[in-house]
Amino acid sequence: MKKKTLCLLLMLAMLPLLAFAQKSTFEIKDGHFYRNGKVTPILSGEMHYPRIPHQYWRHRIQMMKAMGLNTVATYVFWNLHEPEPGKWDFTGDKNLAEYIKIAGEEGMMVILRPGPYVCAEWEFGGYPWWLQNIKGMEIRRDNPEFLKCTKAYIDRLYKEVGNLQCTKGGPIVMVQCENEFGSYVAQRKDIPLAEHRAYNAKIKQQLADAGFNVPLFTSDGSWLFEGGSTPGALPTANGESNIENLKKVVNEYHGGKGPYMVAEFYPGWLMHWAEPFPIVGDSEVARQTEAYLKNDVSINFYMVHGGTNFGFTSGANYDKKRDIQPDLTSYDYGSPISEAGWVTPKFDSIRNVIKKYVKYPVPAAPAQIGLIEIPSIKLNKVASVLGYAEKQKPVTSDAPLTFEEMNQGYGYVLYSRRFNQPISGTLEIPGLRDYAVVYIDGEKVGVLNRNTKTYSMEIDIPFNSTLQILVENMGRINYGSEIVHNTKGIISPVKIAGMEINGNWNMVQLPMSEAPVLANLKGDVYNNTPAEAAKLKNAPVLYEGTFNLDKTGDTFIDMENWGKGIIFINGINIGRYWQVGPQQTLYIPGVWLKKGENKIVIFEQLNEEPKTEVRTVKTPVLMKLKN
């Protein structure tokens, strides 16, 4: 009897795996997608595993099913998985294989977009920052050092997810080759088209050599197929609403037939600090969805659920007005499923359209994750960051070093130099990357900001004084030709009154890769009383507090009256805040809270108004832009 019971339990445990363990077919033929011999349009949603706590993956995939979708698409983020050369991490929120398995268990197909370049408003477009330290390296071109690294990444990725292709019983039905490469070809006219094409073909070959044997595809703007398409991969279009043009250009590059797919159909748009939150109307998205479905066009909503740029994962753009446009911590994107996983009116509008066209049942949405509000979290400790930094052993150099030269990827560096003689005039740091607060002997004298092209200020340094420059990396550029110029910190000489300031530079690294423990800072930690707080006004500080919960749930920390910085909840960096907006709250997933005691640490860079408490609310604030 015991043996029979054990066998039954084992069989039950295997059921989710059996749901997609049988080999299945997915083909591109006769102008259609075929799944197990049947014409199967792709109704996909883009959703990125590291932008969602892994505990919520199944809930979010069930939300996609409830919108009527049959496929999950995701980028793979190389820098997430190889934070240091040769050191790989596929655990926790980085467990891509588990994410794909859950999608399969929920009956969804999976589209894998491994790059190696992904854009995605993600730090450096997914490239590891340390590539910039490799001699002879030129990213995203036919360069031996670069292709050596991409091969190592693609081979390692295959070991992780290769057996999850539909050819081996898994849910992966298509794999993308490179990403929006046609845009890069247009941006980098200094590189011959033949070289661009050679590089693109080599990435495709690396995918095949690794063992990826499901259909491959490319995705580009429809006017960029000449540079972005590659033989043997289905060309798909991004953002193309003109269906006649879509079919015309796919026919031109795919033997006169489909299938036709918009691999990025935008129900919302990306968001930058210090710029208005873009809004795409619900009815507009619903009408376009219906137009696609009426005309046998497969789609991938980018994004169906954006999630959050936790930690230092957000990237940046640039334009003529701003040398850097850092992306918000929230990646809500105006998506049908909100940042916290809620049904939105856009969700309902799309769902109502899709239900008219699909033959499979569309389930109801799962229950929303519970919410809590914390009216007050007391911040009973405060620490001086400058005081702490003065006691650390600095890196020394004749000239300021970049983050990369100090083998640091993210966070902050405090640059300082002592002056034995007084000096005054214009301080110029044209190589600032990206944001700096400037102090003389610990007193704030100004702010420099790549976002506003503010690279200079007047300064007066007295005899025997120290200039201190606290520099923040606000995220590496992830799109455009400037992606190849992505070092951080101070990357060119500092000048005062037209003279280069060389010799005796000290640099204290503050990567904030882990939550600071104030108890370890000893003499620089104070009880957060009004008197102590006043002493630290306008200086960078760490605040610490604890709070007790009798129940957990999702919540949003209200930072509207703060300055600029990052927040750690129970040791997890939930991202950046910045008073300029439009984002004024940061999302805290309930699974990162616990019943009983919780800890918060806030690194506040400006500290213009010292704080003693902070609160959380039940409603996010993402559209409040300040001057």
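## Salt bridges, backbone and a helix pair

Glu560 is buried, with a relative accessible area of 18%; buried means under 20% relative accessible area, exposed over 50%, and partly exposed in between (1.4 Å probe, protein chains only). Before going further, please keep in mind that this is a predicted model, in which local features need pLDDT of at least 70, side-chain atom pairs count only at pLDDT 80 or more, and totals for chains, interfaces and linings use all residues. Residues are numbered from 1 along each chain as its sequence is written, and side-chain values use heavy atoms, with hydrogens and water left out.

**Charged pairs**

Side chains of opposite charge can pair when their charged atoms come close. Here, a salt bridge is a side-chain nitrogen of Lys or Arg within 4 Å of a carboxyl oxygen of Asp or Glu. Searching the whole structure for such pairs gives 35 salt bridges.

Our opening residue takes part in one of them: Glu560 pairs with Lys626, and their closest N and O atoms are 3.8 Å apart. This pair links distant parts of the chain, 66 residues apart, with Glu560 in the loop between strand 30 (555-558) and strand 31 (564-569) and Lys626 in the segment after strand 35 (613-617). Strands (E, at least two residues) and helices (H or I, at least four) are DSSP runs, numbered from the N terminus. Elsewhere, salt bridges that share partners bring Glu46, Arg113 and Glu264 together in one network.

| Salt bridge | Closest N and O atoms |
|---|---|
| Lys29 with Glu27 | 3.9 Å apart |
| Arg322 with Asp319 | 3.3 Å apart |
| Glu560 with Lys626 | 3.8 Å apart |

In the Lys29 pair, both residues are partly exposed: Lys29 has a relative accessible area of 36%, and Glu27 has 33%. Asp319, the partner of Arg322, is partly exposed too, at 30%.

**Backbone details worth a look**

Two cis peptide bonds deserve a stop. One joins Gly115 and Pro116, with omega of about 15°, and Pro116 sits in the loop between strand 6 (109-113) and helix 5 (144-161). Another joins Gly258 and Pro259, with omega of about 10°; Pro259 belongs to the loop between helix 9 (243-253) and strand 10 (260-265).

The loop between strand 6 and helix 5 also holds Arg140. Although not a glycine, Arg140 has a positive phi of about 60°, and this residue is buried, at 3% relative accessible area. Met512 likewise has a positive phi, near 50°, without being a glycine. Met512 is in the loop between strand 27 (505-510) and strand 28 (525-527) and is buried, at 10%.

**Helix 4 against helix 5**

Two packed helices are described by the angle between their axes and the distance between the axes. Axes are lines fitted to C-alpha atoms, for helices over the stretch in contact, and angles run from 0 to 180 degrees between N-to-C directions. Helix 4 (residues 96-105) packs on helix 5 at an angle of about 45°, and the axes are 9 Å apart. That makes helix 4 oblique to helix 5, since angles under 35 degrees count as roughly parallel, over 145 as roughly antiparallel, 65 to 115 as roughly perpendicular and the rest as oblique.

In this contact (heavy atoms within 4.5 Å), Leu96, Ala97 and Ile100 of helix 4 meet Leu157, Glu160 and Val161 of helix 5. These contact residues divide into five nonpolar, no polar and one charged; Ala, Val, Leu, Ile, Met, Phe, Trp, Tyr, Cys and Pro count as nonpolar, Asp, Glu, Lys and Arg as charged, and the others, Gly among them, as polar.
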